[in-house]
Every structure is written in structure tokens, then in C-alpha cells.
Amino acid sequence: MSACGFANGKAPGYEADDFLASAVAQEERRRGTAIVVSGDRDTFQLASDRTTILYPVRAGEMARITPAEVRERYGVDPKQVPDFIALRGDPSDKLPGARDTGPKGAASLLQRYGTLEDVLASGRFPTQAEQLRTFRSIASMDASTPTPRLHDQKPTWGRAASLAREWGLKPLADRLAARTTGVRA
């Protein structure tokens, strides 16, 4: 990441998703726009009028995930995505979700009650309450992660190409070098 000229963060107790959320929050506070490229649907919680998620759908194709797209796909607002994941489950994170509750059921509950806490307060899933809170915690991205102030950056494709070549990744090195000259590889 450093060879490309990109900022990066690392701290005990935080995941990469948390740094993403923090960077997005910083950019939105500056009244800027952010584009998050990720194959992790947890990032859909970051979608806003200032943040778009680019989500890979097929080889070389990306879906633009906006708040409207989150509502269309899941039936919930982006801020409800962690609650939705807790209720529906997420095989990629090995979260089973609430018993007998699929995507439509999870969306319906959140449309009716608003949050996982309100679903639980209604008396639903009493034996799974703590487990569902844990699932929500796993799916939640922490925007308060300590991230250094991020500034606009210009990629250093030449340095990245040199490193890729050093690692024996010639095709990648050629693509990165082409970014420096503006010639497509």
C-alpha cells in the first residue's frame, strides 16, 4: 500500500473494515466524497449521499451501491445493515442469524421495529438475544477507529511497479507501470 502511495492503518483490536469506516467518516466530515471498493457486503452500511460502494459482481464488472441500491437489495437503510446481517446471518462471516429468519423476514422485522434492539425488546428471539447482539457487533464497522488525518493523495504507480517487479509479478508490474505513462497495458 505504501509503495502505491496509499495511506494505511493498523492497530490492535481493529479490523481493516474499521479503518475503512473511519476514513469514510473523515472524508464525509470534510464534505468530500468517498468510493469504497470491496467485495464485502458489510461495507454497504457505509453507503450514503457522499459514499458509494463499488462491489464486484462479475469478472471486471462492479455494481455501484448507493443507499437506494441497499434498500432495493435488502429492504433496509444502510445504517440498518449490521442489524440486518445479525438477523439474516452471513455465511462469509459464519453467522447463522436468527432462527428461521431469512432476508425477507429480517427486512420485515427492521421495517417494523427499526433496530435489532427494538426487535429484541418486542420479545422476539429471547433465547438468541445475546448471540444476535454479538452478530451485530461483528458486522458493525467502527468509524471511531484511530486513523491519521487523511489527505488527498496521488498514487505512486512507478514505485508500486518496481516493487511488483521485485516480487516477480511481471504482469502486475506492467499494468502499474502503464498507469505512470498513461498507456494501457
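Author: Let's start with side-chain classes: Ala, Val, Leu, Ile, Met, Phe, Trp, Tyr, Cys and Pro count as nonpolar, Asp, Glu, Lys and Arg as charged, and the others, Gly among them, as polar. This is a predicted model, where local features need pLDDT of at least 70 and side-chain atom pairs pLDDT 80 or more, while totals for chains, interfaces and linings use all residues. Residues are numbered from 1 along each chain as its sequence is written, and side-chain values use heavy atoms, without hydrogens and water.

Reader: Which classes do the residues lining the second largest pocket fall into?

Author: The lining has eleven nonpolar, no polar and no charged residues. Helix 7 (157-166) gives the largest share, four residues.

Reader: What makes something a pocket?

Author: On a 1 Å grid over the protein atoms alone, a pocket is an open set of points with protein on both sides within 12 Å along at least five of seven lines; lining residues have an atom within 4 Å of a point. Its volume is the space filled by probe spheres set on the points, and the probe is 1.4 Å. The second largest pocket holds about 170 Å³; the largest has about 1200 Å³. Of the 29 residues lining the largest one, Met1, Phe6, Ala7, Leu20 and Ile35 are the closest to its centre. That lining divides into 16 nonpolar, eight polar and five charged residues, and helix 1 brings the largest share, seven.

Reader: Why do strand 2 and strand 3 count as a pair?

Author: Pairing takes at least two DSSP bridges, and strand 2 (residues 51-58) and strand 3 (residues 61-65) have five, in the antiparallel sense. Strands here are DSSP runs of E, at least two residues, and helices are runs of H or I, at least four.

Reader: What are helix 3 and helix 6 to each other: parallel, perpendicular, antiparallel or oblique?

Author: Helix 3 (residues 81-88) and helix 6 (residues 129-139) pack at about 130°, with axes 8 Å apart. Angles under 35 degrees are roughly parallel, over 145 roughly antiparallel, 65 to 115 roughly perpendicular and the rest oblique, so helix 3 and helix 6 are oblique.

Terms used
Axes are lines fitted to C-alpha atoms, for helices over the stretch in contact, and angles run from 0 to 180 degrees between N-to-C directions.
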